[in-house]
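The sequence and structure come next.

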Amino acid sequence: MSTPVEGEPARRTTMRWRKSNGPRLAPDQAKRQGEITQLAFLLLGREPAISFLNTAHSALGGRPLDLAIASDAGRNSVEAEIGRLAYVSPRDSR
């Protein structure tokens with residue numbers, strides 16, 4: 001990077017965003033992803049939510065985030081599991 005020379009106008013740099021070559025989510029998939037992520041963050045906390053959503057879950061039969069994105073039924077099953085994980089029975093807190 002060169003140093004500015006006195007008397008010359010400063011060069012403006014622009015940020016250029018690289019277009020991703022990866023597949024984009026359909027609007028309904030993106031909506032489900034956002035909703036399930038928001039719910040998990042709210043009920044589980046940031047780090048536990050990230051871990052839960054991105055780790056294969058044997059009871060659900062796959063990675064929760066993938067299941068939630070794939071279909072409404074998958075989203076519902078992941079939502080139920082988040083609720084189960086977030087719920088602490090009064091008997092459990094003793």
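**Charged pairs and a buried face**

At 29% relative accessibility, E35 counts as partly exposed, because that label covers values between buried, under 20% relative accessible area, and exposed, over 50% (1.4 Å probe, protein chains only). This is a predicted model, in which local features need pLDDT of at least 70, side-chain atom pairs count only at pLDDT 80 or more, and totals for chains, interfaces and linings use all residues. Residues are numbered from 1 along each chain as its sequence is written, and side-chain values use heavy atoms, with hydrogens and water left out.

E35 forms a salt bridge with R75, with 3.1 Å between the closest N and O atoms. The pair links distant parts of the chain: E35 sits in helix α1 and R75 in helix α4, 40 residues apart. A salt bridge here is a side-chain nitrogen of Lys or Arg within 4 Å of a carboxyl oxygen of Asp or Glu. Helices (H or I, at least four residues) and strands (E, at least two) are DSSP runs, numbered from the N terminus. R75 is buried, at 15% relative accessible area.

R75 also meets E79 in a salt bridge (2.4 Å, N to O). Both residues lie in helix α4, four residues apart, about one turn of the helix. Salt bridges that share partners join K31, E35, R75 and E79 into one network. E79 is partly exposed, at 33% relative accessibility. Leaving aside neighbours within four places in sequence, E79 is in contact (heavy atoms within 4.5 Å) with I36 and L39.

How many salt bridges does a search of the whole structure find? It finds eight. Another of these pairs is R32 with D28, whose closest N and O atoms are 3.5 Å apart. R32 and D28 are four residues apart in helix α1, so about one helical turn separates them. R32 is buried at 7%, whereas D28 is partly exposed at 44%.

Now turn to helix α2, residues 46-54. A49, F52 and L53 are buried there. They cover an arc of only 90 degrees around the axis, which puts them on the same side of α2. That arc is taken from the directions from the helix axis to the C-beta atoms. The cover over these buried residues includes α1 (27-44), α3 (64-70) and α4 (72-86).

H57 counts as buried, at 18% relative accessibility. Not counting residues up to four places away in sequence, H57 touches F52, G62, P64 and E81.
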